[in-house]
Amino acid sequence: MSRYPGRAGRLALRAGSLAAALGLWQLLTTLDVNVWLRFAQFPTVTDVARTLADRLTGPDYWTDLTDSVTRILTGFLLAAVLGVATGVLVARSRLAEDLLGPVIEVVRPVPAIAMVPVAILLFPSNEQGIVFITFTAAFFPVLVSTRHAVRALTPVWEEAVRTMGGGRWRILRSVVLPGALPGIFGGLSVGIGVSWICVISAEMISGQYGVGYRTWQDYTIVNYPGVFVGMVTIGLLGWLTSTSVELVGRRLTRWLPRTSYVPGGRPRPARAATTAAEPADAEAEEACDEHLV
């Protein structure tokens, strides 16, 4: 069985995939291909790159970037703290589940972007309303994932702590939060992505400055290269923030057993014993962080 390419080979594959997509985009738009899909309406890659280079030298681009990131971080951090706390409370308390559960389940299906009119009515400034939309978008994925992660914990761990004289707070600190961390970070990873979707939409509707606001302004004046600059910026920011959340999660849960993916075979423990002919430590380290490449 041929060995799958190592870290350098996988980086080359990913870079080649991105280059091929950009090359295809450039080819279709340069030739003005109109076969069902109208690529003649698209700006070329060089047009977008030229517009991006122009904006990088101006102050507005960085102001928009700073505003959007500040809104995301503020709303997301609030959602992370309150979502985890509420999820643990609902999962551990029947009274909290009875009081908060019905409200949560009724409000949770409502799209966060549909809260824009509510935010406009409730908050005295658009800035606070946008942060509220961002918070709402991330809050429910974090809450639901935390609730399920806490309920999935085996009772044996809690009983062991009680047997050794541990109280409620000791159980929470030593069993509940560490055991639920993988599920919590799964919700945080989903929440940060949904937050970007909603903050951009909120900026388009009621924002002043921000990547979404600038993208919508470019669309209204038919500046399509500017629209694609906004899309590229949003994609990069979303990737960086979600990767950061996943990286923190993996560092905080490094005690968990990992498996390395073997194409065409079965998963094997990342910490498996090695032999002189097959050193596995480097491969296991690659496998642990392969999704961050």
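1. Helix H3 gives the most to the lining of the second largest pocket, with 4 residues. Helices here are DSSP runs of H or I with at least four residues, numbered from the N terminus. This is a predicted model, in which local features need pLDDT of at least 70, side-chain atom pairs count only at pLDDT 80 or more, and totals for chains, interfaces and linings use all residues. Residues are numbered from 1 along each chain as its sequence is written, and side-chain values use heavy atoms, without hydrogens or water.

2. The lining of this second largest pocket consists of Ala-85, Val-88, Leu-89, Arg-92, Ser-93, Arg-162, Arg-168, Trp-169 and Leu-172. Two or more of these residues come from each of helix H3 (59-92) and helix H8 (168-206). By type, the lining has 5 nonpolar, 1 polar and 3 charged residues (Ala, Val, Leu, Ile, Met, Phe, Trp, Tyr, Cys and Pro count as nonpolar, Asp, Glu, Lys and Arg as charged, and the others, Gly among them, as polar).

3. Helix H2 (residues 45-56) and helix H10 (residues 224-252) have axes that come within 8 Å and cross at roughly 75 degrees. H2 is therefore roughly perpendicular to H10, a label given to angles of 65 to 115 degrees. Asp-47, Val-48, Thr-51, Leu-52 and Arg-55 of H2 meet Pro-225, Gly-226, Phe-228 and Val-229 of H10.

4. The mean pLDDT (the predictor's confidence in each residue, from 0 to 100) is 82 for the protein, and 86% of its residues reach 70 or more. Over residues 270-293 the pLDDT is below 50, and this stretch has 28 contacts (heavy atoms within 4.5 Å) beyond near neighbours in sequence in the model. Where pLDDT is low, the predicted coordinates should not be read in detail.

Conventions
1 Å grid on protein atoms, 1.4 Å probe; cavity = no way out; pocket = protein on both sides within 12 Å on 5 of 7 lines; lining within 4 Å. Axes fitted to C-alpha atoms, helices over the stretch in contact; angles between N-to-C directions. Parallel < 35°, antiparallel > 145°, perpendicular 65-115°, else oblique.
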